[in-house]
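Please look over the sequence and the model shown here before reading on. The paragraphs after it lead from the open spaces in the surface to individual residues.

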Amino acid sequence: MRKRSVLLLALLLVPLSFVWQSAVQPFLASLAESAPELQPRDSRYPVPDFSLPSLDGDLVRLSDYRGSAVFMGYWATW
């Protein structure tokens, strides 16, 4: 039973590897070549500096993070 399972697995994996090499890999390579390269925009508007209290009570300013990517999430409960 074990030899039969190994043989069946090998007979299944060999054709799949040929399909992967002949069809899937070139398709993925074409996607990588056509992907747009992200560049910073030249016409950026400066964000006004603001400050908010942190959970510790310290004052945190946006200008403290200059040069870093900042993610700000806005949410509310109604």
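Predicted model: local features only at pLDDT ≥ 70, side-chain atom pairs only at ≥ 80, totals over all residues.

Residues are numbered from 1 along each chain as its sequence is written, and side-chain values use heavy atoms, with hydrogens and water left out.

Rolling a probe the size of a water molecule over the atoms shows where empty space is left. On a 1 Å grid over the protein atoms alone, a pocket is an open set of points where a 1.4 Å probe fits, with protein on both sides within 12 Å along at least five of seven lines, and its lining residues have an atom within 4 Å of a point. The largest pocket holds about 370 Å³ of space, a volume being the space filled by probe spheres set on the points, which are joined across faces, edges and corners. Its lining consists of 13 residues, among which P46, V47, L62, R66 and G67 lie nearest the centre. By class, 7 of the lining residues are nonpolar, 3 polar and 3 charged, where Ala, Val, Leu, Ile, Met, Phe, Trp, Tyr, Cys and Pro count as nonpolar, Asp, Glu, Lys and Arg as charged, and the others, Gly among them, as polar.

The second largest pocket has about 220 Å³ of space, and its lining includes F50, L52, P53, Y65, F71 and M72. Two or more residues of this lining come from each of β1 (51-53) and β2 (59-61), strands being DSSP runs (E, at least two residues) numbered from the N terminus. The lining divides into 10 nonpolar residues, 1 polar and 1 charged.

A nonpolar surface patch of about 730 Å² is made by V47, F50, L52, Y65, V70, M72 and Y74. Among them, M72 lies in the segment after β2 and is partly exposed because its relative accessibility is 38%, the class between buried (under 20%) and exposed (over 50%), with a 1.4 Å probe and protein chains only.

Helix α1 (residues 2-34) contains L16, and P15 is also found in helix α1. L16 counts as partly exposed because its relative accessible area is 48%, and P15 is partly exposed at 42%.

Methods
Helix = DSSP H or I, 4+ residues; strand = E, 2+ residues; numbered from the N terminus. Patch = residues over 30% accessible without salt bridge, like charges linked within 9 Å, V, L, I, M, F, W, Y side chains within 5 Å. Areas by Shrake-Rupley, 256 points an atom, 1.4 Å probe, with all protein chains shown as cover. Salt bridge = Lys/Arg side-chain N within 4 Å of Asp/Glu carboxyl O.
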